[in-house]
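User: Could you take me through this structure? I am new to it and would like to begin with the ligand.

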Amino acid sequence: MTYPTVALKLQAEELIRTGYPRVFQKQIASKKGKISPGDIVDVLDSRGAFVARGTANPYSRILVRILSYDPDESIDNDFFYGRLRAAKELRDRYAVETSYRAVFSESDRLPGLIVDRFDAYLVCQIGMMGMEVRREAIFSMLQELYAPKGIFEKSSATMRKPEHLTPRVQLIAGDCPALIPFEQNDLIFLNDVMHGQKTGFFLDQRDNREAVSRYVRKEDHVLDGFSYTGGFSLIAAKAGARVTAFDISERPLRIAQEAAARNALQDRCNFQQVDAFAKLRELEEAQAQFDMVILDPPAFAKHRGVLPNALRGYRIINRRAMNLLPEGGILVSCSCTQQVSEGMFLEMLNQAADDVKRELRLLEVRRQPFDHPVLASLPETRYLKCVIGQII
Ligand code: SAH
């Protein structure tokens, strides 16, 4: 089978050859053959030799998403089934629970496909053209591999816009309760799949939540600044803490409250609908003290241009949090902003500590768990930072 071809500019060859899986329009010197959205294309070097094969989206800045470096490999249903099976095998081998990210896009060499498993249910995000045109086939493969009770598609606007795709939120197969109950960290959580953020719950903090719970002592007072549906709040409560949790939105707090009740932890949790920025300042002025403060805010920057603002935002909340901690108190500070590197994040923490003349000792510098793997050739797949520090 012959595919349309795109030839790389000389200066782009090295990057693509060494495994960077995205080819930008501006890296292309010439094209041959008609390319429709989602088509398979061959990527050639500047002398016309085969480099890689992938799917194309003529509407996107990223023209090709690379799938294979083998000229003899056909990109057909068997190919995608093999990749999905490989992703499942990794989780089957190492996951300790049945809720996890089952497919993480390029990190599973399935660009544009995210699948989160919540026990018996799958929640999918399709974010790129190559997957969009194969969606029916992909869904039936997921059905076969996981035999879920339901598959829900939550393909939101933000990731689809650059690909010229409109959002799609719908039930694909089976049934799906409005609040999917599932287990993580030996707790029952509720996924508000339709109205929640992204796939409804942040599975990527699993190991970090478990790590954080090891620093909680009985009757500690823990502040969770951006609680969402209670991921960190509930594990802290289960470890014996009294938890005060903030969020600016009412709906996730209601769900957190309900989840707390399901785990018989409602008496230990106090959920409050407030702006954490303002409330942290108010507490700081009142000289309130906590044993632990957890900050896991939303991404502050979606592109590089607003990076300085994002870092300023992090610095403000972190210095306020440090002022709420006595000596020996624990700060858990997270960032899911991909543009903020671990180095930048640690530097910001140091500046925040300096702002308030406190010393922060880093106990753990954590990242994302194995089910959100990082591709060595694509550092952009590493996005989560979770620092556990102690005020000394
Ligand atoms: N820690 C959570 C995830 C947090 S997501 C977990 O473990 O699941 C970020 C949350 O911050 C969202 O729920 C959002 O509603 C909330 N948020 C955004 N701006 C806020 C603000 N100014 N004050 C308080 N919460 C805010």
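**The ligand and its surroundings**

Analyst: An oxygen atom of the ligand lies 2.8 Å from an N or O atom in the side chain of R209. Please note that this is a predicted model, in which local features need pLDDT of at least 70 and side-chain atom pairs count only at pLDDT 80 or more, while totals for chains, interfaces and linings use all residues. Residues are numbered from 1 along each chain as its sequence is written, and side-chain values use heavy atoms, with hydrogens and water left out.

User: What lies 2.8 Å from a nitrogen atom of the ligand?

Analyst: That is a polar side-chain atom of D296.

User: How much of the ligand's accessible area does the protein cover?

Analyst: On its own the ligand has 580 Å² of accessible area, and the protein covers 91% of that. These areas come from the Shrake-Rupley method with a 1.4 Å probe; for residues, only the protein chains shown count as cover.

User: Which elements give two or more residues to the shell?

Analyst: They are α7 (231-238) and α9. Helices (H or I, at least four residues) and strands (E, at least two) are DSSP runs, numbered from the N terminus.

User: How many residues surround the ligand, and which are the closest?

Analyst: There are 18 residues around the ligand, and the closest are R209, D247, D275, A276 and D296. A residue counts as near if one of its heavy atoms lies within 4 Å of the molecule or strand in question.

User: How do they divide by type?

Analyst: The shell has 10 nonpolar, four polar and four charged residues. Here Ala, Val, Leu, Ile, Met, Phe, Trp, Tyr, Cys and Pro count as nonpolar, Asp, Glu, Lys and Arg as charged, and the others, Gly among them, as polar.

User: Back to D296. What does its side chain contact within the protein?

Analyst: The side chain of D296 makes a polar contact with the side chain of Q205, at 3.3 Å. A polar contact is a pair of N or O atoms within 3.5 Å; within protein, one must be able to donate a hydrogen and the other to accept it, and residues adjacent in sequence count only if both atoms are side-chain atoms.

User: And where is Q205, buried or exposed?

Analyst: Q205 sits in the loop between β13 (187-192) and α6 (206-213). Its relative accessibility is 1%, so Q205 counts as buried; buried means under 20% relative accessible area, exposed over 50%, and partly exposed in between (1.4 Å probe, protein chains only).

User: Let us turn to aromatic rings. How many pairs are there?

Analyst: A search of the whole structure finds 12 aromatic pairs. In one of them, the rings of F79 and F80 have centres 5.2 Å apart and planes at 90 degrees, so this pair is edge-to-face. Rings of Phe, Tyr and Trp (its six-membered ring) pair if their centres lie within 6.5 Å; planes under 30 degrees apart count as stacked, over 60 as edge-to-face and the rest as tilted. F79 is buried at 6% relative accessible area, and F80 is buried at 3%.

User: Which cluster do ring pairs form?

Analyst: Ring pairs link F226, F277, F300, Y314 and F345 into a cluster.

User: Now salt bridges. How many are found?

Analyst: The whole structure holds 32 salt bridges, each a side-chain nitrogen of Lys or Arg within 4 Å of a carboxyl oxygen of Asp or Glu. One of them joins the side chains of R22 and E106, 2.8 Å from N to O. R22 lies in strand β2 (residues 22-24) and E106 in the loop between β7 (99-104) and β8 (113-118), so the pair ties together parts that are 84 residues apart in sequence.

User: Are R22 and E106 buried or exposed?

Analyst: R22 counts as buried at 16% relative accessibility, and E106 counts as buried at 6%.
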